Amino acid sequence: MPALPADLTVPAEIVTPRLRLRRPDPADAEALVAAVNASLPELRAWMTWAQAPMTLEASRENLTGAAERFDSRENLRYHVWNADGTELVGSSGYHALDWRVPKGEIGYWIATAHAGQGYAREVTQALTDLALTDRAAGGLGLRRLEIRCDPANGRSARIPPALGYALDARLVNDDVTADGSGVRDTMIFSRVR
């Protein structure tokens with residue numbers, strides 16, 4: 001992995017008007033299991049990792065690795081909590097990071113019980129602002145930020161254009177469906193500075 005920029009500071013917590021985004025912590029394993037398993041019917045269509053119920057052991061292992069990757073700045077996953085930090089609402093963050101450019105990609109999911117309330121858009125706006133702000137001003141200083149999604153996922157696909165992302169491409173038959181039963185297209189949206 002290329003050397004990280006010396007002036008890179010990444011907040012362990014981001015507060016939005018209604019939410020708290022926090023660095024993954026193995027202590028959150030039970031909350032993650034509850035949110036994922038309650039949302040499996042909806043997540044299964046879009047997320048390869050959501051094809052079977054999550055166990056507590058798998059959740060702890062997942063969170064330990066996610067915390068390590070956050071600390072090494074390889075992957076900056078945040079868990080999305082309600083305003084008082086007592087209920088896990090979903091997850092988001094930056095992946096496919098390349099600090100040489102620098103660029104990254106935002107991914108997100110919201111637990112079914114909290115879907116349709118604008119949380120994914122609120123989180124994505126906060127992460128976009130942080131990513132595209134200069135490091136000298138407290139941001140990550142990314143030059144390019146992407147959001148990729150299956151065009152059949154209408155809820156997810158509405159977020160990037162609403163936040164000023166441009167549609168760069170629609171890759172036809174680019175990937176397999178989350179359950180592996182067929183192929184799907186991928187839409188690539190971006191914001192640059």
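Me: Which side chain meets R148 in a salt bridge?

Reply: Side chains of opposite charge can pair when their charged atoms come close. In this predicted model, the side chain of R148 meets that of E105 at 3.6 Å, N to O. The pair links distant parts of the chain: R148 belongs to strand β6 (residues 144-149) and E105 to strand β5 (residues 103-110), 43 residues apart.

Me: How many salt bridges does the structure hold?

Reply: There are twelve. Another of them joins D175 and R184 at 3.6 Å, N to O; D175 is partly exposed, at 34% relative accessibility.

Me: Let us turn to the strands. How do β6 and β7 run relative to β8, parallel or antiparallel?

Reply: Strand pairing is read from the bridges between strands. β6 and β8 are antiparallel and joined by six bridges, with L145 standing opposite R191 of β8. β7 and β8 also pair in the antiparallel sense, over seven bridges; there, R170 has M187 in β8 as its bridge partner. The hairpin of β7 and β8 has six residues between the strands, and G180 takes a positive phi near 75° in it.

Me: How many residues of β8 are buried?

Reply: Seven of its ten residues are buried, and the strand is mostly covered.

Me: Which residues have the most contacts inside the largest nonpolar core?

Reply: A nonpolar core is read by following buried nonpolar residues from one side-chain contact to the next. The largest here has 35 residues, and Y78 and Y94 have the most contacts inside it. Among the elements that give two or more residues to this core are β3 (76-82), β4 (88-98), α3 (119-132) and β8 (183-192). α3 gives the most, with eight residues. Apart from this core lies another, of 15 residues, which includes A29, V36, L43 and M47.

Me: How far apart are the end C-alpha atoms of helix α2, and what span should its residues give?

Reply: The 16 residues of α2 (residues 56-71), at 1.5 Å a residue, should span 22 Å; the end C-alpha atoms are 22 Å apart, so the two agree. The buried residues of α2 are S59, L63, G65, A66, A67 and F70, and they pack against α1 (29-43) and β3. After α2 comes R73, whose phi is positive, near 65°.

Me: Which residues does the UniProt domain annotation cover?

Reply: The unreviewed UniProt entry carries the annotation "domain: N-acetyltransferase" over residues 19-190. Over that range the chain is 31% helix and 32% strand, and the end C-alpha atoms are 24 Å apart.

Methods
Residues are numbered from 1 along each chain as its sequence is written. This is a predicted model: local features need pLDDT of at least 70, side-chain atom pairs count only at pLDDT 80 or more; totals for chains, interfaces and linings use all residues. Side-chain values use heavy atoms; hydrogens and water are left out. A salt bridge is a side-chain nitrogen of Lys or Arg within 4 Å of a carboxyl oxygen of Asp or Glu. Helices (H or I, at least four residues) and strands (E, at least two) are DSSP runs, numbered from the N terminus. Buried means under 20% relative accessible area, exposed over 50%, partly exposed in between (1.4 Å probe, protein chains only). UniProt positions are given in the numbering used here, feature names are shortened, and annotations may be inferred rather than shown by experiment. A nonpolar core is a set of buried Ala, Val, Leu, Ile, Met, Phe, Trp, Tyr and Cys residues joined through side-chain atoms within 4.5 Å. The expected span of a helix is 1.5 Å times one less than its number of residues. Contact means heavy atoms within 4.5 Å. Two strands pair if DSSP finds at least two bridges between them.
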